[in-house]
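Subject: Structure handover

Hello,

Here is the structure for you to take over. Please open it first, then read my notes below.

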Amino acid sequence: MSLKKQVYSVLVVSCAENFNAALASVLPAADYKPVKYVKSISQAQRAAAEREYDFVIINAPLGDDLGVRFAIDSSSAAGSVILLLISGEYIDEAYGRLSPYGIYTLAKPVSQQSMINALRWMKTTCDKVKSAEKKTTSIEDKMQEIRLVNRAKLLLISHENCEEPEAHRYIEKSAMDRCVRKSVIAREIIDKYS
């Protein structure tokens, strides 16, 4: 477990100043930084193009759009966790449309405690997504190393007239003797014979 405290970046899409002020009180800088406030979907699209945000909070409706399409696009494009706040009369329809994308919906008006709970859910989801991304990256790195080692073994077999187990042992022993990864030895072999 890491001792480093997780800090989350937040994009708030809201044209309601009173909502923004209330939200700021539950987004302390120690936990949420940077927090960027924009007033329209077009501004939100520009902000999202500039950088990725851990959380995107959309307070619907907005001047130029309801925010549903932007929520879907944001959830698909990056690892952001999305929360759409929408009038209670539209919550069921919004939930039905957005839940397949993993987008949280919350009926307005929202109490401070409900917002704090929603932020906790978003933190949990964000941490889980980041953990899964790290595992995926680790697996991809291992697969890449296996591909390199196999390619190097084939080159050793064809150029040095050795058997596969012998080529494998050579790569493994060379890596251990030099205290490097097998992929380093494999790249050297590939460079030598390619």
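Let me start with glutamate 164. At 38% relative accessibility, this residue counts as partly exposed. Keep in mind that the model is predicted.

Salt bridges

Which residue does glutamate 164 pair with in a salt bridge? The partner is lysine 153, and the closest N and O atoms are 2.7 Å apart. Lysine 153 sits in helix α5 and glutamate 164 in helix α6, so this pair ties together parts that are 11 residues apart in sequence. Lysine 153 has 9% relative accessibility and therefore counts as buried. The cut-off for buried is under 20%.

Searching the whole structure gives 6 salt bridges. Two others are worth a look.

One of them joins arginine 181 and glutamate 145. Their closest N and O atoms are 3.4 Å apart. This pair links distant parts of the chain, 36 residues apart. Arginine 181 is in the loop between α6 (164–178) and α7 (182–193). Glutamate 145 is in helix α5. Is glutamate 145 buried or exposed? It is buried, with a relative accessible area of 16%.

The other joins arginine 178 and glutamate 188. Here the closest N and O atoms are 2.6 Å apart. Arginine 178 belongs to helix α6 and glutamate 188 to helix α7, so the bridge ties together parts 10 residues apart in sequence. Both ends are partly exposed: arginine 178 has a relative accessible area of 45%, and glutamate 188 has one of 36%.

While you are in helix α6, find histidine 168. This histidine is partly exposed, at a relative accessible area of 26%.

Now turn to the strands. There are 5 of them in an open sheet, in the order β2-β1-β3-β4-β5, and the pairing is parallel. Which are the edge strands? They are β2 (32–38) and β5 (104–108), and each pairs on one side only. From one strand to the next, the twist averages 15°.

Leucine 11 stands opposite valine 56 of β3. β1 also pairs with β2, again in the parallel sense, over 5 bridges. There, valine 13 has valine 38 of β2 as its bridge partner.

How many residues of β1 are buried? The count is 6 of the 6, so the strand is largely enclosed by the rest of the structure. Both of its faces are covered. Tyr8, Val10 and Val12 are buried on one side. Ser9, Leu11 and Val13 are buried on the other.

Start with helix α2 (residues 41–50). Its buried residues are Ile41, Ala44 and Ala47. They cover an arc of only 115° around the axis, which puts them on the same side of α2. Which exposed residues does the face turned away from that side carry? Look for Ala49 and Glu50.

Next, helix α4 (residues 91–98). Ile91, Ala94 and Leu98 are buried here. Viewed down the axis of α4, the buried residues fall within an arc of 65°, so they line one face of the helix. Exposed Asp92 and Glu93 are on the face turned away from the buried side.

A surface patch

Last stop: the surface. Ile139, Met143 and Ile146 make a nonpolar patch of about 280 Å². Isoleucine 146 has its place in helix α5 (residues 112–160). This isoleucine is partly exposed, with a relative accessible area of 46%.

For a quick tour, take these stops in order:

- The salt bridge of lysine 153 with glutamate 164.
- The salt bridge of arginine 181 with glutamate 145.
- Strand β1, with both faces covered.
- The buried residues of α2, including Ile41.
- The buried residues of α4, including Leu98.
- The nonpolar patch made by Ile139, Met143 and Ile146.

Over to you.

Key:
Residues are numbered from 1 along each chain as its sequence is written. This is a predicted model: local features need pLDDT of at least 70, side-chain atom pairs count only at pLDDT 80 or more; totals for chains, interfaces and linings use all residues. Side-chain values use heavy atoms; hydrogens and water are left out. Patches are made of residues with over 30% relative accessible area and no salt bridge: like charges are joined within 9 Å, nonpolar side chains (Val, Leu, Ile, Met, Phe, Trp, Tyr) within 5 Å. Accessible areas come from the Shrake-Rupley method with a 1.4 Å probe; for residues, only the protein chains shown count as cover. A salt bridge is a side-chain nitrogen of Lys or Arg within 4 Å of a carboxyl oxygen of Asp or Glu. Helices (H or I, at least four residues) and strands (E, at least two) are DSSP runs, numbered from the N terminus. Buried means under 20% relative accessible area, exposed over 50%, partly exposed in between (1.4 Å probe, protein chains only). The arc is that of the directions from the helix axis to the C-beta atoms. Two strands pair if DSSP finds at least two bridges between them. Axes are lines fitted to C-alpha atoms, for helices over the stretch in contact, and angles run from 0 to 180 degrees between N-to-C directions.
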